Amino acid sequence: MAFGFVSGGVLFLCAVTCALLDAKRFQQFPRLPQVPIEVECKARSLFVSVDIPPSGSEPRFEAIDATGAYPVTESYGAQCGYTYSVHPLLGRVILKASYFSCHTDNQNDEVFTFTFGVIIVDQSGEELYFNVSETCSVPPFSPRELICEENYMEVSVKTNLPCSTSGSVKEDFSAAFSVARSSAVEAWQVTLQQGGQQSEVMSTEEAAALGYFITATPGRLVFRTTFGQPHASVKMVSGVAVEVVEATVFFRQNWMVVMVDLVAACALDEGSFDGYRFHWRTPVKTPLGVQPSELRSEYIGMGVDGELLDKQASVDQGYSLTVGEETVDSSIPFAAEGVIRKSFVTDGVYNELYTIQMIYQHLFVDKHGVEAKYNMIRQLATPPIPRPPFSINQTNLEERVFTVYLGNIPFDVELVAIELNGQEISVPTAMQMGYSITRVPKDGGDNTSAYILRVPFEDQFVVKQYITEGVFEYSLEVKWTLNIFPQMEAYYHFSSLTAYIHEILPPVFDSVCANNGIRFMKDHQEYDYLWDVVIGHYPLTQQLASERGYIMTNDSTSLTLDVPLFTIGYIYENITLQQFYGTFELLTRNAKTLEIEQSSAKSCLFETTELLVCSTEGVMTVVSDIIKAVPAADPARTTLLDPSCRPQETDETRVLFSFGLNTCGTRFQIDQQYVTYENEIIFHELYSTDSKPVITRDAAYRMTVRCIYPVSGIESLFVDRKFRMETPGIGQIKDPVKVPPQMLKPMQLQKQNVMKPSYQAVVAKKPADYVHAGQWSSPADERAWSLGPNGNF
C-alpha cells in the first residue's frame, strides 16, 4: 500500500472536524433494567453481543451521537463501519463497530466512545429500549492499517508520515498536481482507478454516493467501501482471489497539492472445513500498492473474536500457521478454545455446529521503515455435524443378562428415560427398581461418554418364547430417551436384543486346505439333531457323499468330510495358469424351519494343471496342456473360432481362455432338456511348400470345448438377456482333430445324445488323485467328467 502525501492540509481539515465534534452534546435516554447485553473492547473494534429474546425477534441497533439516532441497517452499517450478524443457532446477535465508524467520539485516535440504542421486542410485542455506552482506550495504530471485515474494507493512514521520494510516487504526485491545477480545486477530490484506468475527478460527496466513504480523524485519513463496488477489481494472487480498490484523495491548499494514495486489498477465500480443522488461505504478498520487493514481512499472527494470540497460546490451543512461498494457511481445530459450539436436534438426530471468527494479521515494513498492518476477519462455521448414538450388544449368554452399550453420548446430553418392550421408566425409577445403568467415560479425548444397561433374562419386561426342543428365545427392545441440556431437546435411539440360551447353537465346522481338496471337521454335540448340514439345497448324507465323490467319516464322536477338488459344489475364482482359488461351503439349517442358520465356507489356493469351468454367469474358462495332444503346437498361436479371441495367458505348454458364452464365435445347440455351448481351440502353424516357397498361416488342429446347462435353468436368458444359473454347467473337452488346410470349413454342430449333466462346475483332465473323484463317461475321443451315475445327485 503506497501513500504519497503532505500532512499539513489534512491536519487543518481534521482540526475543523474535531472542533465541530467537541461542540456536540449527546442525548440522554433513560436506562431500563439489566438485559443480557455484553460489550467488549477488542483490538480493532467494539463488540456488542445481545441474546435473542424469547419472542424470537432479532434485536435492532441505533448509533447515537449529538445529532440524533441512526438505525444500523445492512447498507448503512457497511458504509459506516458496522458489522451486524445474526447467529440463530447460538441464540444471539453481534454488532461490531470500527473505531473509525460513524457517530463515534474520537479523542486523538486513542480513546473512542460509543453510544448505541438497543431495541428488543418482548413476547407481548412491546418494544424495550436500552442504552449501551462504552469507552475504549486502544494502543496506537500502525501508520498504515487495512481491515478486511465481513461486509466492508477499511484503510486508514496516519497523516504525519514523511513524503516518499520514490520515482513512482513523484510521478503520481505530478499527475495529481496537474489534475488539481486543471480543475482549480479547493475542496477534497477523489479519483478511482481500475485496471490502470483512472476515473473522473469527483468530490467526496460524489464518491460517497457511489459507495466510497472518506473521513478524517484527528490524526488519520480513513477510506471505507463495501465489497463488489463498480471500481473494484478481482485479482488472482497465488491462486487466491483478492478484491482490490484503489483511490487517490487530494486537495490544493495555497500553492501545495496534498495527495494520498489509498489501496484496499482483501482476500476473498471463504475458508473450508475438512472435518477436523478450519482452514483459511491468504496470499503472502497481498497487493498493497507497493512492489513486493519493497515490503518485508515482519510478523504473521492469528486469533479469534478480534484478539490475536501469542505464539505459545496458539500452539497450546492447536492453532497452526503454515507459511508457504506464496500462501499462508491458517488452521484451527474445530473444537479449540475460542470456537463457539451449539448442539441441537434436527429430524430426530443430534447435531453440533461450531463457529469461529478468525482474525489474521500480517505486519509489513517498507524500505523506509514504515509499518503497514494487514488485518483479515472471517466468520467460519462448520456444517451441522451429526453425532448419532450407536449401541453394541455385549450380552454374555452364560450370565443370562442382556448387556447393551450405548456410545457417542456428548457431554451436554443425559439419559433421562428407558423404554423396555414398550414400558417407559425414568432413569431414577429404573435404578430404584434394580436396573443397572452406568455412565462411563470414553477414552480418546473426544469429550463423549457412554451408557451401559444390564437387564436380566428373567426380568418382567423381557419377552420369552419357546422356539423348539431345548431352545428358548429372549428378546428385548430398548428405546433410549436422551436430552440436551440446558434446552431440554430430546432425541431417541433404539436397540434390539435377542438371545438363544442353553447353548443350543448351530454347529460350526473347522476346515483345513489339502493339496487336492478341503477337509471339514466337527465334534458331535447333544443337540445336533436340531440341525441339518446341507450342500446347496441337498442334505449331506452318506448317499450324497458317495454319489458326488466326497469321503465322509461319521462315527459316534465326530464328523469328517473330505471334499476332493473338482467335485460338485466348488466355486472357482481368480484362475491363472499358476493357481486358482477353490471355495466350498457347508450350510447349517434349522431342521424344523429349514432356515439357514450357519455357514462354514473355506477358500483354498490350488495349483493349476488343466480344467474347464462353466460358471453360473455364462463364462467358460479353459486351461489345457496342448502339447500333450499336439506335441508340435505353439500355445501362443492358438485362438478360438473368432480369430481375435486369443489366450489370456500362455506358457510353454498350456493356454488359458476365458470368454462369455455369447462371444468369440461360440455356437449353441438346444433340445428339450439341455443347451450346449461349443467353441474350438484352433492350433495354427507355419508351413511352406516346395513349389511355392512362401510361408502360410493356417489351422492344423482343433480342440472342441463345451458347456452344457439344463434348459430349465436358463429361462431368464430369454427374458432379460442376462445369463444366470443356479448351478454351474458341466464341461466337455474333445481331443484335438487334425484338419488339413485345404479341407478347413466352418464346423457344423451335430445333434448328439448328451448325457444328463450333474451341474458340475469344472472338468479336469487329472481326476485320478481321488478314487471317488468321478468317472469319465463319453466317447473315446471326448473327455466328460460326471460325478454321479447318469448325472443324478
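The charged end of K42 lies over the ring of F47, 5.4 Å from the ring centre, and that of K479 lies over the ring of Y492, 4.6 Å from its centre. A charge is assigned to a ring if NZ of Lys or CZ of Arg is within 6 Å of the ring centre and within 35 degrees of the ring normal. The model is predicted, with local features requiring pLDDT of at least 70 and side-chain atom pairs counting only at pLDDT 80 or more, whereas totals for chains, interfaces and linings use all residues. Residues are numbered from 1 along each chain as its sequence is written, and side-chain values use heavy atoms, leaving out hydrogens and water.

Aromatic pairs (rings of Phe, Tyr and the six-membered ring of Trp with centres within 6.5 Å; stacked under 30 degrees between planes, edge-to-face over 60, the rest tilted) number 30. F100 and F141 form a tilted pair, at 5.0 Å centre to centre and 45° between the planes. This pair links distant parts of the chain, 41 residues apart: F100 is in the loop between β6 (92–98) and β7 (105–107), and F141 in the loop between β9 (127–137) and β10 (144–148). Strands are DSSP runs (E, at least two residues), numbered from the N terminus. Both F100 and F141 are buried (under 20% relative accessible area, 1.4 Å probe, protein chains only).

Y570 and Y572 form a stacked pair, with 5.8 Å between centres and 25° between planes. Y570 is buried, at 2% relative accessible area, and Y572 counts as buried at 10%.

Methods:
Helices (H or I, at least four residues) and strands (E, at least two) are DSSP runs, numbered from the N terminus. Buried means under 20% relative accessible area, exposed over 50%, partly exposed in between (1.4 Å probe, protein chains only).
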